Structure formats: C-alpha cells, structure tokens
Amino acid sequence: MPYSRSQGLRLRFGLEGTRTPVESLDLASLGRALVVLAHTDDEINTIGLLSRLSAAGVAVDLIVLTDGAANKSTDETVVGARSHFECRRDELHAAMKELSITDAVLPALPDGKLGAHLDAATTVVSVELARRSPGLVITFDPRGLNGHPDHIAANVVTRRALATATRAPALAMISPPPPFSWALGSGFRSPTPPTIATLTLTSDERERKARVFEGYRSQWKTLRLMTAGLPPRAFFRLFPAEWYVWLRADAAREWARP
Ligand SMILES: [Zn+2]
C-alpha cells in the first residue's frame with residue numbers, strides 16, 4: 001500500500017500523526033490487554049501505560065517470548081545457583097506484583113535468536129489472543145524501540161498473529177518519544193498517518209518505574225547503559241514521556257493484513 005516517503009522522517013520529528021494524550025482514550029472499554037515482549041525487564045518501557053490500564057480496571061496479561069539467557073552482562077553474583085532464566089523469571093514476578101499483573105506466559109525461546117523462531121513465537125501469541133480475547137495488544141514498534149533484533153521480532157510475531165486473529169484488538173506499539181525518536185525512529189509506515197498516544201508519567205508512576213528498574217538487579221549493568229549511567233529516578237524525571245503508535249482495532253487489522 002502506498003505511503004509517503006517522508007513519513008518516517010516526519011514521524012521521527014513528531015511532525016506526522018495525531019498526538020493524543022492517553023487520558024483522552026477510553027481505556028476502560030478495552031476490557032483486557034495483552035503485552036507481547038521479548039525479555040523480562042522490557043516492561044519497564046511501558047509502565048506508565050500499564051499503570052493507567054490497571055487504574056481503569058483493565059486486566060493485563062503478559063507474554064515474554066525469550067529466556068533472557070544471552071546477556072553476557074548479567075550479574076552472576078545475583079543469579080547465584082539459579083539459571084539465568086530462573087533468575088530473570090523471579091525478577092519478573094516481583095515486577096508483576098508491582099504492576100498488578102497476575103499471569104505471564106513464558107515460552108523461554110532462545111534469547112538473541114527470536115528471529116529464528118518466528119513460527120513458534122507466533123503460535124504462542126495466537127493461542128493467547130484466542131484464549132484471552134484482549135481489546136488491546138501492546139508490543140514494540142517495527143524498529144523494536146531501540147533496534148534490538150528480538151524486539152523487532154516481537155513486533156513481527158504480533159503482526160503475524162493479529163493477521164489471523166478472530167477478534168481484532170487495538171494495538172499500541174511502544175515507540176521512542178523525542179529526543180530519542182530523532183535518532184531511533186519508529187519504523188512505522190502506513191497509508192494514513194497514525195495516532196501517537198502520549199503519556200507523561202506522574203510522580204507515582206515514575207516511582208513505580210524506578211522500583212521495577214531497581215528490581216532487575218541481575219540486569220543493572222545493561223539497564224544503566226540505557227539511562228546513560230543516571231540513577232533511574234533522575235532519568236525518569238528528566239524523560240517522563242512514553243509514546244505509542246496507537247492503532248484502533250480497524251486500523252490495526254489493516255496494518256496486520258497489508
Ligand atoms: Zn529487551
């Protein structure tokens with residue numbers, strides 16, 4: 001389908017698409033949300049939205065596709081006698097308590113190689129879409145937020161699963177807000193300019209985000225790279241925005257079935 005060649009650049013600089021505060025969306029009507037991520041700790045990127053959904057009474061289910069075992073910077077002193085997967089699963093369970101999420105599906109596909117397991121991952125997402133019938137799916141944008149191949153694969157997998165889903169949910173794709181978008185872009189292209197749902201973290205949400213960040217003790221080395229060495233509370237105070245390429249159900253279906 002045709003789209004403007006300048007769309008990527010225009011999205012990158014926040015010039016295209018209708019920016020809509022998350023507050024103006026009827027979150028309660030979504031009923032149930034399904035989050036599709038690649039790694040435990042990826043949910044840090046969407047804690048503002050997860051908090052708003054929870055406050056609106058929306059039940060949130062989570063799929064984390066990989067076992068998270070490939071990160072060479074994982075702190076072995078934190079892992080101890082556990083496997084990397086077991087350690088990160090324990091850290092995820094603590095984060096889920098913080099976020100009022102009761103259920104996570106963890107197929108433990110190979111970290112760093114999700115792109116080689118797209119069929120298996122798509123099956124996992126398809127099964128959960130059919131089982132839970134969410135009104136909203138949350139995943140990474142087509143560029144994987146920061147270009148991580150597993151994040152990009154999570155987007156591909158979600159798109160494939162949505163293409164064959166019986167019910168079409170709305171879709172929120174985690175996208176870098178400015179100034180990060182200037183360098184990263186979202187990789188999203190469509191014939192019609194998308195809605196960009198914007199959210200500014202409240203002080204409670206910043207605190208929750210910092211607590212979840214700190215809970216991933218095995219991943220501190222990597223996480224601190226993402227905050228350029230800043231402590232999380234300082235970083236989230238400086239950069240309190242979350243942006244989502246937000247497609248309502250009909251637009252999400254159209255995007256998934258080009
Ligand atoms: Zn990740």
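R143 counts as buried, because 21 C-beta neighbours lie inside 10 Å, and a residue is buried at 20 or more. The model described here is predicted. R143 sits in the loop between strand 5 and helix 6 (144-147). Beyond its neighbours within four places in sequence, R143 is in contact with I152, L184, G185, S186 and G187. F188 is 45 residues away from R143 in sequence. In space, the C-alpha atoms of R143 and F188 are 7.6 Å apart.

Eight strands take part, in the order 1-7-8-6-5-2-3-4, and their pairing is mixed. Strand 1 (18-21) and strand 4 (103-105) stand at the edges. Each has a single partner strand, so one side of each is left without a neighbour in the sheet. From one strand to the next, the twist averages 25 degrees. In a regular strand, side chains alternate between the two faces of the sheet.

Within it, T20 has A197 of strand 7 as its bridge partner. Helix 7 (residues 149-163) packs on the sheet. It touches strand 2, strand 5 and strand 6 (170-175). The direction of helix 7 makes about 150 degrees with that of strand 5.

Strand 2 (residues 32-37) is largely enclosed by the rest of the structure, because five of its six residues are buried. With strand 3 (residues 59-64), strand 2 pairs in the parallel sense over six bridges. R32 has A59 of strand 3 as its bridge partner. With strand 5 (residues 136-140), strand 2 also pairs in the parallel sense, here over three bridges. On this side, A33 stands opposite L136 of strand 5.

Strand 2, helix 2 (residues 47-55) and strand 3 make a β-α-β unit. The unit is right-handed.

Strand 5 ties these elements together in the description. Strand 5 is paired with strand 2 and touched by helix 7. The loop that holds R143 lies between strand 5 and helix 6.

Terms used:
Residues are numbered from 1 along each chain as its sequence is written. This is a predicted model: local features need pLDDT of at least 70, side-chain atom pairs count only at pLDDT 80 or more; totals for chains, interfaces and linings use all residues. A residue is buried if 20 or more other C-beta atoms lie within 10 Å of its own, exposed if 12 or fewer, and partly exposed in between; C-beta atoms are placed from the backbone. Helices (H or I, at least four residues) and strands (E, at least two) are DSSP runs, numbered from the N terminus. Two strands pair if DSSP finds at least two bridges between them. A crossover is right-handed if, with the strands pointing away from the viewer, the path from the first strand over the helix to the second runs clockwise. Two residues are in contact if their C-beta atoms, placed from the backbone, lie within 7 Å. Axes are lines fitted to C-alpha atoms, for helices over the stretch in contact, and angles run from 0 to 180 degrees between N-to-C directions.
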